Amino acid sequence: MKTKLLSILITVLTTYCYSQIAYEPGYFIDNNNEKTDCLIKNMDWKNNPTEIEYKLAEEGESQKATIHSIKEFGVTNMSQYARFTVNIDRSSETLSKISHYKSPSFKEEVLFLKTILVGKANFYEYNDGNLKRFFYNTDHSNTQQLVFKSYIIDNNSVKKNNAFREQLWNDLKCPDFEITDFSKLNYDKKELTRLFTAYNECHNETVKYLEGKQKKIQFNLNIRPRYVNSSLNISTYSELRNVDFDNKSSFGLGIEAEFILPFNKNKWAIIVEPTFQHLKNKKTTDTGYYFGGELTTNADYNSLEIPLGARYYIYLSKDSKIFINAIFILDYAFDSSISYEDDKLDSMEIKPTPNFGIGLGYKYNDKFSIEVRQQTNRDLLNLNPVGSANYKSLSVILGYTLF
């Protein structure tokens with residue numbers, strides 16, 4: 001029930017808060033070359049979009065424009081996208097999917113390309129999931145993809161088709177350039193941006209950068225004490241060992257490393273949170289004729305949890321935001337066991353299995369936070385198929401960002 005309530009609350013808050021994404025000053029140019037100043041919902045796109053949402057006034061109605069109806073749009077001082085019909089090679093760089101052919105497999109598509117810089121030669125970027133492609137054009141050439149492709153040869157080794165180096169050597173002529181400027185060039189935005197900048201400057205062409213300041217991954221270190229309410233139910237091959245402990249309160253302490261990703265308005269983060277926890281509980285059960293009529297079971301559980309997961313922020317205001325966590329939890333127990341106050345029953349060593357967690361939290365002023373986190377069942381004994389010890393917890397976690 002607690003998990004269901006938490007899930008419902010997350011859904012409601014996500015639906016409500018999604019509208020808080022800001023509409024920022026921008027423009028678009030339609031198929032008749034008419035420019036319209038407007039407010040664009042700035043999604044800080046990681047992948048190149050195929051449509052935008054915009055308003056003509058702050059209180060105006062939200063409208064959509066697609067790649068078929070507009071040829072260019074931009075968010076002021078942030079980004080610009082232009083529509084092109086280009087040949088693109090979507091060959092995968094994932095090892096299990098790498099092609100056996102050196103030549104690119106081109107397909108004509110209509111795409112919004114992100115403009116990096118303009119001048120005598122213009123430089124563009126395209127992202128779609130794990131696919132990254134760069135494009136360019138000059139005053140004497142059409143827009144084309146810079147060719148880079150991995151491929152496998154007969155002995156299953158991976159080779160690189162670096163044809164983009166030859167493309168640029170042939171098209172970007174400058175007396176200051178040497179062949180080594182191209183032969184060691186990597187398929188990398190920073191390196192390519194430097195080359196296109198140098199080419200434009202070589203021809204005394206003013207370079208205009210149309211991408212906002214390059215963002216970097218942000219790092220936060222957070223200290224996170226917590227109150228934990230947990231339950232433990234032991235069900236084994238032996239009925240005498242079966243115990244349903246009463247809920248128990250305990251405390252823990254975590255140190256969280258948070259890596260905020262540089263896209264989508266800093267809404268996504270990767271988190272790692274080593275956490276020490278301790279649970280000590282006991283239960284006396286009625287055994288009938290055995291062990292004098294009753295048996296006391298002790299649970300002594302000390303562990304270091306390593307939650308690994310993703311966090312999504314939902315902005316309420318400049319200083320106020322909600323976050324949702326989805327985590328996978330590794331757990332390493334030490335000096336931990338299920339024991340019995342009777343010499344006839346041996347204790348059982350705790351060997352926890354991984355489990356999952358979901359959390360809903362609130363952060364203020366990028367310093368103070370509170371989170372409610374529900375974990376799924378974790379088997380502490382790993383006795384499958386002959387038994388289990390299901391541990392489940394609900395935590396209230398306070399947080400303070402050190403830096």
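This is a predicted model: local features need pLDDT of at least 70, side-chain atom pairs count only at pLDDT 80 or more; totals for chains, interfaces and linings use all residues.
Me: Why is N222 called buried?
Reply: The relative accessibility of N222 is 5%, and buried means under 20%, so N222 falls in the buried class. The residue is found in strand β14, which spans residues 218-235.

Me: What makes the link between the side chains of N222 and E256 a polar contact?
Reply: The two side chains are joined at 2.7 Å, and a polar contact requires a pair of N or O atoms within 3.5 Å, so the pair qualifies by the definition. The side chain of N222 also makes a polar contact with the side chain of T401, at 2.7 Å. Leaving out residues up to four places away in sequence, N222 touches G254, I255, E256, E258, K363, Y400 and T401.

Me: How many cavities of 30 Å³ or more does a search of the whole structure find, and what lines the largest cavity?
Reply: The search finds three cavities of 30 Å³ or more, and the largest cavity holds about 70 Å³ of space. Its lining consists of R226, V228, T275, Q277, E305, R373, Q375, Y391, S393 and S395. The elements giving two or more residues to that lining are β14, β18 (275-286), β24 (368-375) and β26 (388-401); of the contributors to the largest cavity, β26 gives the most, with three residues. By class, the lining of the largest cavity has two nonpolar, five polar and three charged residues.

Me: Why is N281 called buried?
Reply: N281, which has its place in strand β18, has a relative accessibility of 11%; since buried means under 20%, N281 counts as buried. A polar atom of the N281 side chain lies 3.0 Å from the backbone oxygen of D246. Apart from neighbours within four places in sequence, N281 is in contact with F245, D246, K248, T297, N298 and A299.

Me: Why is D176 called exposed?
Reply: Exposed means over 50% relative accessible area, and D176 has a relative accessibility of 62%, so D176 counts as exposed. This residue is found in the loop between α2 and α3. The C-alpha atom of D176 is separated by 7.7 Å from that of C202, although the two residues are 26 residues apart along the chain.

Me: Which residues of helix α2 are buried, and why are they placed on the same side of α2?
Reply: The buried residues of helix α2 (residues 163-171) are F164, Q167, L168 and D171. They cover an arc of only 90 degrees around the axis, and therefore they lie on the same side of α2.

Me: What covers the buried residues of α2?
Reply: The cover includes β9 (131-138) and β10 (141-145), as well as the helices α3 (180-183) and α4 (189-202).

Conventions:
Residues are numbered from 1 along each chain as its sequence is written. Side-chain values use heavy atoms; hydrogens and water are left out. Helices (H or I, at least four residues) and strands (E, at least two) are DSSP runs, numbered from the N terminus. Buried means under 20% relative accessible area, exposed over 50%, partly exposed in between (1.4 Å probe, protein chains only). A polar contact is a pair of N or O atoms within 3.5 Å; within protein, one must be able to donate a hydrogen and the other to accept it, and residues adjacent in sequence count only if both atoms are side-chain atoms. Contact means heavy atoms within 4.5 Å. The arc is that of the directions from the helix axis to the C-beta atoms. On a 1 Å grid over the protein atoms alone, a cavity is a set of points where a 1.4 Å probe fits but cannot get out, and a pocket is an open set with protein on both sides within 12 Å along at least five of seven lines; lining residues have an atom within 4 Å of a point. Grid points are joined across faces, edges and corners, and a volume is the space filled by probe spheres set on the points. Ala, Val, Leu, Ile, Met, Phe, Trp, Tyr, Cys and Pro count as nonpolar, Asp, Glu, Lys and Arg as charged, and the others, Gly among them, as polar.
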